[in-house]
Amino acid sequence: MSKKPIIDPDLCTGCTLCTNGGDSQVFKMNDDESAAVVAPMPNYDEHTDEINDAIDNCPSGAIAWKSDEA
Ligand code: SF4
């Protein structure tokens, strides 16, 4: 089973916290910098700790894990 993080664009305020000042490989700001987006990558497992921290720290509760399983 693989899983990936998702960001609810209706909840994200664009605070940029999850992008870690641009250092995050997983979380990036969108083109107009109004909201964060998840960068596409084949396997998010190696970023589990960062993603869990982002979920815990997002002030809007906009980030969650989503399982790829149907
Ligand atoms: S920490 Fe949450 S509210 Fe802030 S940019 Fe990331 S997803 Fe959006």
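Colleague: Before we start, what should I know about the model and the numbering?
Modeller: It's a predicted model, where local features need pLDDT of at least 70, side-chain atom pairs count only at pLDDT 80 or more, and totals for chains, interfaces and linings use all residues. Residues are numbered from 1 along each chain as its sequence is written.

Colleague: OK, how many helices and strands are in the chain?
Modeller: There's 1 helix and there are 4 strands, in the order β-β-β-α-β from the N terminus. Those are DSSP runs numbered from the N terminus: H or I over at least four residues for helices, E over at least two for strands.

Colleague: And what does the C-alpha trace span along its principal axes?
Modeller: About 30 × 25 × 20 Å. The radius of gyration is 11 Å, which agrees with the value near 11 Å for a compact globule of 70 residues. That radius is taken over C-alpha atoms, and the globule rule is 2.2 Å times the number of residues to the power 0.38.

Colleague: Which residues make up the largest nonpolar core?
Modeller: There are 12 of them, including Cys 12, Cys 18, Ala 36, Cys 58 and Ile 51. A core is a set of buried Ala, Val, Leu, Ile, Met, Phe, Trp, Tyr and Cys residues joined through C-beta atoms within 7 Å. Buried means 20 or more other C-beta atoms within 10 Å, exposed means 12 or fewer, and partly exposed is in between, with C-beta atoms placed from the backbone.

Colleague: How much of the chain is buried?
Modeller: Buried residues are 20% of the 70.

Colleague: Now the loops: where is Asn 20?
Modeller: Asn 20 sits in the loop between β1 (3-7) and β2 (27-29). Its phi is positive, about 50 degrees, although it is not a glycine.

Colleague: What about Glu 33, buried or exposed?
Modeller: Glu 33 counts as exposed because it has 11 C-beta neighbours inside 10 Å. Glu 33 is in the loop between β2 and β3 (36-38), and has a positive phi of about 60 degrees without being a glycine.
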